[in-house]
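The following is a walk through one protein chain, from its overall makeup down to single side chains. Please keep the sequence and the coordinates at hand while reading.

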Amino acid sequence: MESVKEKFTIKITENGLVIIAADECGEKHLHFSAGEALMLLDILKNEEAVLKQTSEKNSPMPMKITFA
């Protein structure tokens, strides 16, 4: 069985948002100002249905993620 590996970390900072992703080449950081982070959030909310459908279609096992 394959072990679970953390692919990225999201941090909220006083300047906005930082997404840290690690791969075999090292860490990569994406920095967003608060305004940019809110624009990203809006885009993701608008694309939520498509992302869920794509995730369900491509997932090898059933998965359901619910945010309240």
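This is a predicted model: local features need pLDDT of at least 70, side-chain atom pairs count only at pLDDT 80 or more; totals for chains, interfaces and linings use all residues.

A residue counts as buried when its relative accessible area is under 20%, as exposed when that area is over 50%, and as partly exposed in between. Glycine 16 has a relative accessibility of 10%, so this residue counts as buried.

The overall makeup comes next. The protein chain contains 2 helices and 3 strands, and their order along the sequence is β-β-β-α-α. Of its 68 residues, 9% count as buried. The accessible surface of the chain amounts to about 6700 Å², and carbon and sulfur atoms hold 61% of that area. How much of the contact set with a separation of 6 or more comes from residues 24 or more positions apart? The share of such residues is 0%.

Strand β1 covers residues 8-13, and strand β2 covers residues 16-23. These two strands pair in the antiparallel sense over 6 bridges, and they form a hairpin with 2 residues between them. Within this pairing, isoleucine 10 of β1 stands opposite isoleucine 19 of β2.

Strand β2 also pairs with strand β3, which spans residues 26-33. Here the strands run antiparallel and are joined by 8 bridges. As with the previous pair, 2 residues lie between β2 and β3 in a hairpin. Alanine 22 and glutamate 27, the latter in β3, stand opposite each other.

Isoleucine 10 also belongs to a surface feature. Together with Phe8 and Ile12, Ile10 forms a nonpolar patch on the surface, and the accessible area of the three together is about 360 Å².

Which residues does glycine 16 contact, leaving aside its neighbours within four places in sequence? They are Lys11, Phe32, Ser33 and Ala34. For alanine 34, 18 residues away from glycine 16 along the chain, the C-alpha separation from glycine 16 is 4.1 Å.

Charged side chains give a further set of links. How many salt bridges does the structure hold? There are 2 salt bridges. One of them joins aspartate 23 to lysine 28, with the closest N and O atoms 3.2 Å apart. Aspartate 23 has a relative accessible area of 36%, so this residue is partly exposed. Lysine 28 has a relative accessible area of 44% and is therefore partly exposed too.

The other salt bridge is between the side chains of glutamate 48 and lysine 52, with an N to O distance of 3.3 Å. Both residues lie in helix α2, which covers residues 48-58. Because glutamate 48 and lysine 52 are 4 residues apart in this helix, about one helical turn separates them. Are these side chains buried or exposed, or in between? Glutamate 48 counts as partly exposed at 37% relative accessibility, and lysine 52 is partly exposed with a relative accessible area of 42%.

Terms used: Residues are numbered from 1 along each chain as its sequence is written. Side-chain values use heavy atoms; hydrogens and water are left out. Patches are made of residues with over 30% relative accessible area and no salt bridge: like charges are joined within 9 Å, nonpolar side chains (Val, Leu, Ile, Met, Phe, Trp, Tyr) within 5 Å. Accessible areas come from the Shrake-Rupley method with a 1.4 Å probe; for residues, only the protein chains shown count as cover. A salt bridge is a side-chain nitrogen of Lys or Arg within 4 Å of a carboxyl oxygen of Asp or Glu. Two strands pair if DSSP finds at least two bridges between them. Buried means under 20% relative accessible area, exposed over 50%, partly exposed in between (1.4 Å probe, protein chains only). Contact means heavy atoms within 4.5 Å.
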